[in-house]
Amino acid sequence: MSAFIRNSKFRHVYVEPPKQEDTFRNLRLATTTGEQQYVKANTKYFAVALQGGGGPIAVVDHTATGAFPTGGPVLAGHKGAALDFDFHPFNEQLLASCSDDSTVKLWGIPPGGLTETLTEPLVDLRGHGRKVTLLRFHPTASNVLASVSADMLCKVWDVEKQGEVASTDAHTSLIQDVQWNADGSLLGTSCKDKVVRLFDPRGSSVATELKAAHEGSKSVKLAFLQDGLLATVGFTRQSQRQIKIWDARDPSKELALVSLDQAAGVLLPFFDPDTKMLYLCGKGDGNIRYYEINKAAKTPCFALSEHRSTAAGKGYCFLPKRCLNVMGCETARCLKLTSQNGNGVVEPLSFVVPRKSDAFQDDIFPDCYAGLPSCDADAWLAGANEPPKLRPLNPDAGFVAAPSAAAFVAKKTAAQLEAELADAHKKIADLEAKLAAAGLAP
């Protein structure tokens with residue numbers, strides 16, 4: 001029988017639920033609903049949207065466990081509810097947010113975290129005609145951000161230059177998801193019209209379309225995998241949840257189909273390129289399934305196990321690999337946003353591979369995403385497709401837990417420069433008038 005058992009180092013991965021004192025509580029969550037995942041994190045902070053004016057967003061240090069203080073400091077500069085946000089992948093102190101007010105803003109978080117409410121962003125991007133619903137930073141090019149809106153447009157921005165660099169109007173209905181591939185050469189979207197589109201993010205041309213990737217009317221979510229694979233997670237016409245695996249370069253035929261259950265909640269997929277594991281987290285249920293992806297295997301999407309919980313999840317995110325407890329064989333950490341007694345609670349869930357040795361396990365911890373840019377926005381716009389930079393996880397290899405944040409200085413827009421020039425001309429005219437009145441004019 002052993003010949004039929006698939007060999008996997010991650011077959012026995014288990015979840016360590018947190019103790020009560022290690023959770024984050026008393027978060028008065030915003031009541032807005034949508035396609036977003038409701039919680040995002042980097043190595044230092046996590047963010048959630050709260051109730052209140054200005055579209056408040058709490059940015060909480062991972063060490064600040066316990067109850068979030070009533071009236072605590074937040075980011076609050078929007079004129080409508082905050083719908084989504086995303087941490088800058090190469091600067092721990094920057095967070096982009098979008099809102100009902102149709103704007104995208106970039107915020108600078110003080111090095112010690114928020115000590116007072118901030119209402120003035122570093123950058124204010126305007127270009128969408130309706131509410132902006134989803135944001136995703138580019139994985140390898142610095143300061144490049146994608147946004148999608150209820151105006152059915154997907155835009156790409158250079159946040160440092162405060163300008164739009166590309167836009168596509170290929171969608172015919174509301175956009176449900178947007179994801180970059182590993183080197184940022186492709187941008188994938190799913191749409192209410194049931195078409196999954198892969199397009200060149202530096203222009204508006206659609207490279208590939210998956211028509212009716214899933215026949216159900218509910219939301220479809222995407223995850224780019226390794227070896228050019230793409231996972232789509234959606235529903236059948238009978239509302240059965242399912243996973244499909246495609247070759248993103250030739251999506252004419254699905255490579256794998258995994259049928260799941262009849263639960264109503266949308267599944268959020270998260271792919272770990274180091275362990276080749278795909279995690280499926282259910283909105284509205286408390287379960288997290290995980291699968292091993294292997295394009296060459298007879299079963300490309302192989303079910304490993306499932307974490308079950310009675311606490312329904314509202315949102316989920318996974319932390320960067322470089323902040324994990326690798327000596328404790330922690331291969332992933334998920335933040336689960338749930339609700340208890342009317343208030344939001346964030347629970348950190350650790351995924352652990354059981355090993356008896358105290359030595360560093362290099363077979364389950366290859367070099368990971370470093371959190372450093374591979375190129376700048378100008379090089380990427382010129383056509384560069386650089387792979388992500390990697391760092392070792394072995395503490396003996398001189399691994400640094402988090403990259404130092406480079407100073408971010410937004411370049412002035414043409415409108416700002418024109419306003420400054422007009423102001424300078426006015427001041428010169430005023431001075432010349434004063435000199436003339438005093439009889440000192442040249």
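**Figure 1. Pairing of T189 with R197 between strands β16 and β17.** In this predicted model, T189 has R197 of β17 as its bridge partner. Strand β17 comprises residues 195-199 and runs antiparallel to β16, to which 4 bridges join it. The two strands form a hairpin with 3 residues between them, and K194 adopts a positive phi near 70 degrees in this hairpin.

**Figure 2. The hairpin of strands β15 and β16.** Strand β15, residues 175-180, pairs with β16 in the antiparallel sense through 5 bridges. Within this pairing, S190 of β16 is the bridge partner of D177. There are 6 residues between the two strands of the hairpin, and G184 in the turn has a positive phi of about 75 degrees.

**Figure 3. Burial of strand β16.** Strand β16 spans residues 187-191, and because 5 of its 5 residues are buried, the strand is largely enclosed by the rest of the structure. In a regular strand, side chains alternate between the two faces of the sheet. Here L187, T189 and C191 point one way from β16, whereas G188 and S190 point the other way, and all are buried.

**Figure 4. The open sheet of strands β19 to β22.** The sheet has 4 strands in the order β19-β20-β21-β22, with antiparallel pairing. Its edge strands, each pairing on one side only, are β19 (221-224) and β22 (254-259). From one strand to the next, the twist averages 20 degrees. Strand β21, residues 241-247, is joined to β22 by 5 bridges in the antiparallel sense. Across this pair, L257 in β22 stands opposite K244.

**Figure 5. The surroundings of I288.** When neighbours within four places in sequence are left aside, I288 is in contact with Y279, L280, C281, S305, E306, H307, Y316, C334, L349 and F351.

Terms used. Residues are numbered from 1 along each chain as its sequence is written. This is a predicted model: local features need pLDDT of at least 70, side-chain atom pairs count only at pLDDT 80 or more; totals for chains, interfaces and linings use all residues. Side-chain values use heavy atoms; hydrogens and water are left out. Buried means under 20% relative accessible area, exposed over 50%, partly exposed in between (1.4 Å probe, protein chains only). Two strands pair if DSSP finds at least two bridges between them. Axes are lines fitted to C-alpha atoms, for helices over the stretch in contact, and angles run from 0 to 180 degrees between N-to-C directions. Contact means heavy atoms within 4.5 Å.
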